[in-house]
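I am opening a notebook on this chain and will write down each thing as I look it up.

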Amino acid sequence: NLQKLVMDAANNGLSLFSLAGIPGSVGGAIAGNAGARNGVIGCYLKSAEIFDFNSVEFHTVDHKFFEFD
C-alpha cells in the first residue's frame with residue numbers, strides 16, 4: 001500500500017511526503033501518477049518490475065515506459 005511505502009521510505013531517510021495521505025496501492029499510484037502539489041510518484045520512480053502477460057515473464061522497465069507527463 002502507498003502509505004506503507006511512504007513510511008518505509010521515511011524510516012530509511014527518504015522523503016516521499018508529497019504522497020502522504022493518498023489512499024491506494026503503489027501500482028495504482030504509478031498507473032495514475034498520483035501525487036499532490038509538491039510532487040507526483042513519477043518524479044520518484046526510477047524503474048519498476050512489471051509482468052508481461054503475453055510472454056509470461058517479468059521485465060524491469062525505466063520510468064520512461066510509463067510516459068508520465
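Which residues form a nonpolar patch on the surface, and about how much accessible area do they have together? I find that F51, F53, V56 and F58 form this patch, with about 480 Å² of accessible area together. I note that the model is a predicted one, in which local features need pLDDT of at least 70 and side-chain atom pairs count only at pLDDT 80 or more, while totals for chains, interfaces and linings use all residues. Residues are numbered from 1 along each chain as its sequence is written, and side-chain values use heavy atoms, with hydrogens and water left out.

For the patch I keep the rule at hand: its residues have over 30% relative accessible area and no salt bridge, with like charges joined within 9 Å and nonpolar side chains (Val, Leu, Ile, Met, Phe, Trp, Tyr) within 5 Å. A salt bridge is a side-chain nitrogen of Lys or Arg within 4 Å of a carboxyl oxygen of Asp or Glu. Accessible areas come from the Shrake-Rupley method with a 1.4 Å probe, and for residues only the protein chains shown count as cover.

Entry on the whole chain. I count three helices and four strands, in the order α-α-β-β-α-β-β along the sequence; these are DSSP runs numbered from the N terminus, helices being H or I with at least four residues and strands E with at least two. The C-alpha atoms fill a box of roughly 35 × 25 × 20 Å along the principal axes. Of the 69 residues, 25% count as buried, where buried means under 20% relative accessible area, exposed over 50% and partly exposed in between (1.4 Å probe, protein chains only).

Entry on the core. The largest nonpolar core has 12 residues, among them L2, V6, L16, L19 and I41; such a core is a set of buried Ala, Val, Leu, Ile, Met, Phe, Trp, Tyr and Cys residues joined through side-chain atoms within 4.5 Å. I see that α1 gives the most to this core, with three residues. V6 lies in helix α1 and is buried, since its relative accessible area is 2%. Leaving aside neighbours within four places in sequence, V6 is in contact (heavy atoms within 4.5 Å) with L16, F17, L19 and A20.

Entry on S18. Is S18 buried or exposed? At 11% relative accessibility, S18 counts as buried, although its place is in the loop between α1 (2-11) and α2 (26-32). Its side chain is joined to that of Y44 by a polar contact of 2.9 Å, that is, a pair of N or O atoms within 3.5 Å, where within protein one must be able to donate a hydrogen and the other to accept it, and residues adjacent in sequence count only if both atoms are side-chain atoms.

Entry on backbone angles. Most residues other than glycine have a negative phi. I therefore noted N33, whose phi is near 50 degrees, and which is buried with a relative accessible area of 18%. E67 also has a phi near 50 degrees, but E67 is exposed, with a relative accessible area of 67%, and is found in the segment after β4.
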